[in-house]
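Could you walk me through this protein chain, topic by topic? I would like the overall picture before the details.

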Amino acid sequence: MSLSPYVPIIGVFALAAAFAVFSVAIAPLLGPRRFNKAKLAAYECGIEPSPEPVGGGRIPIKFYLTAMLFIVFDIEIIFLYPWAVSFDALGVFGFVEMLLFIGTVFIAYAYVWRRGGLDWD
């Protein structure tokens, strides 16, 4: 077995790694050093950060609920992609199963929407 077909791929990976290391190493030396109060302040999604106690503070449960909702609907896409790729092989059975799956996810979405889980105060 010869490694010659893999040499270009290994070369591209080596070039990419060298570029990444070079960029990270040279940035502090050549980058601008104009610090001000706004750049050094914490940034929370466009909202002015609220002061927290020294040991850390409580995080609102809304952050966790939003993350869990994202995971639920993200997993739906993970199931939809392989189904779409093998749609012809699955036939009517696969179509009905996916309709049931999408219906179940839609019911969960409607429930969360009606309960106000998507409203960000």
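Of the 121 residues in this predicted model, 7% count as buried; buried means under 20% relative accessible area, exposed means over 50%, and partly exposed lies in between (1.4 Å probe, protein chains only). The chain exposes about 11100 Å², and carbon and sulfur atoms supply 73% of that area; accessible areas come from the Shrake-Rupley method with a 1.4 Å probe, and for residues only the protein chains shown count as cover.

**Ground rules**

- Residues are numbered from 1 along each chain as its sequence is written, and side-chain values use heavy atoms, leaving out hydrogens and water.
- Because the model is predicted, local features need pLDDT of at least 70 and side-chain atom pairs count only at pLDDT 80 or more, while totals for chains, interfaces and linings use all residues.

**Helices and confidence**

- The chain has four helices and zero strands; helices (H or I, at least four residues) and strands (E, at least two) are DSSP runs, numbered from the N terminus.
- Read from the N terminus on, the elements run α-α-α-α.
- Helix 1 covers residues 7-30, and its 24 residues reach 33 Å from first C-alpha to last, close to the 34 Å expected; the expected span is 1.5 Å times one less than the number of residues.
- The average pLDDT of the chain is 84, and 86% of the residues score at least 70; pLDDT is the predictor's confidence in each residue, from 0 to 100.
- Confidence is highest in helix 1, at a mean of 95, and lowest in helix 2, at 76.

**Aromatic pairs**

- How many aromatic pairs does a search of the whole structure find? There are six; rings of Phe, Tyr and Trp (its six-membered ring) pair if their centres lie within 6.5 Å, and planes under 30 degrees apart count as stacked, over 60 as edge-to-face and the rest as tilted.
- One of them joins F79 and F101 edge-to-face, at 5.5 Å centre to centre and 85° between the planes.
- F79 lies in helix 3 (residues 61-85) and F101 in helix 4 (residues 87-114), so this pair ties together parts that are 22 residues apart in sequence.
- F79 is partly exposed at 46% relative accessibility, and F101 is partly exposed at 26%.
- Y109 and W113 have ring centres 5.9 Å apart and planes at 45°, so their pair is tilted.
- Y109 and W113 are four residues apart in helix 4, which means about one helical turn separates them.
- Y109 is partly exposed at 32%, whereas W113 is exposed at 55%.
- Ring pairs link Y109 and W113 with F73 and F106 into a cluster.

**Surface patch**

- I59, I61, F63, Y64, L65, M68 and W120 make a nonpolar surface patch of about 760 Å².
- Patch residues have over 30% relative accessible area and no salt bridge; like charges are joined within 9 Å, and nonpolar side chains (Val, Leu, Ile, Met, Phe, Trp, Tyr) within 5 Å.
- A salt bridge is a side-chain nitrogen of Lys or Arg within 4 Å of a carboxyl oxygen of Asp or Glu.
- I59 sits in the loop between helix 2 (37-40) and helix 3.
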